[in-house]
Amino acid sequence: MKFNKLFYSEIDSTNEEARRLVKQGVQEGTVIVAESQTAGYGKWKRTWFSPKGDGLYVSIILFPTETFSPLEFSLLGTLASVKAIKTLTGLEARIKWPNDVMVNGKKIGGVLVEKVKEWIVIGIGLNVNVKTFPDELKENASSLYLQLGSEVNKEELLDLLLKELDQLYPSKEQICAEWKSLSDTLGKQVKVVNQQGSFQGKAIGYGFHGELILETSDGKIMEFRSADVF
Ligand code: BTN
């Protein structure tokens, strides 16, 4: 695919800009990149910490011809991010279902996929050279810089990320297989929290469209499309 990158020094949210561009008419492969976001957001509209210059804030616009669910695009975005990080830095990045990019047990990035008409927007936020986090994020969040001890070139990371994405899409089988091998969730005892409640058990697998399959402590099998996993 041919990617066309649009750079912004500051924007409310790259996903919001993608939404506006789709409504105005846009080409597949348009990529929105911002140095900072004033209203970046993540899953369940949580604020996404987007300090100027130190993070990668990007939204990729696709026009899917195959039947991919938003969840599958989320898997694609996390997988491409993890592979790009591993290649560029050598860090053992892993995926926490469904959309977290982890390094050494800390969250260093996340993916937010949104559907706009028939278009798909894959929003990716990676804490690349972030040096400090606000108190409420300190415990669970980190950056490539903090894990590596040196700065990472954001442009190179973005180019690798787009290359990985291009190679993986649209092969469902490849995404699924590679995603499983880089998963930090599979086979673990986890707590799954969503709007319906909190469920404890073992993450025993992924469904056909990337759903998390949980075997609860009392032997019940449950399937999740969206949740927080601990
Ligand atoms: C999450 O972990 O909840 C997902 C975070 C996604 C953040 C990125 S930053 C670029 C794009 N623009 C946004 O407003 N959000 C996504």
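The structure is a predicted model.

## Overall fold and dimensions

Six helices and twelve strands are present in the protein chain. Its radius of gyration is 17 Å, close to the 17 Å that the globule rule gives for 230 residues, so the chain is as compact as a globular protein of that length. Along the principal axes, the C-alpha atoms fill a box of roughly 50 × 40 × 30 Å.

Of the 230 residues in the protein chain, 53% are buried. Among contacts with a separation of 6 or more, 62% are made by residues 24 or more positions apart. The protein chain exposes about 10800 Å², and carbon and sulfur atoms supply 51% of this area.

## The five-stranded sheet

Five strands form an open sheet in the order β11-β10-β9-β8-β12, with antiparallel pairing.

Tyr206 stands opposite Leu212 of β10.

## Cis peptide bonds

A cis peptide bond joins Trp97 and Pro98, with omega at about 0 degrees. Pro98 is placed in the loop between β4 (93–96) and β5 (100–103).

Tyr169 and Pro170 are also joined by a cis peptide bond, for which omega is about 5 degrees. Here the proline, Pro170, lies in the loop that runs between α5 (154–168) and α6 (172–181).

## Residues with positive phi

Asn104 is a residue other than glycine with a positive phi, near 50 degrees. Asn104 belongs to the loop between β5 and β6 (106–116). The relative accessibility of Asn104 is 56%, and residues over 50% are classed as exposed, so Asn104 counts as exposed.

Lys117, likewise not a glycine, has a positive phi near 50 degrees. The loop between β6 and β7 (119–127) contains Lys117. With a relative accessibility of 52%, Lys117 counts as exposed.

Note on methods:
Residues numbered from 1 in each chain as written. Predicted model: local features only at pLDDT ≥ 70, side-chain atom pairs only at ≥ 80, totals over all residues. Heavy atoms only, no water. Helix = DSSP H or I, 4+ residues; strand = E, 2+ residues; numbered from the N terminus. Rg over C-alpha atoms; globule rule 2.2 N^0.38 Å. Buried < 20%, exposed > 50% of the residue type's maximum accessible area, 1.4 Å probe, protein only. Contact = heavy atoms within 4.5 Å. Areas by Shrake-Rupley, 256 points an atom, 1.4 Å probe, with all protein chains shown as cover. Pairing = 2+ DSSP bridges.
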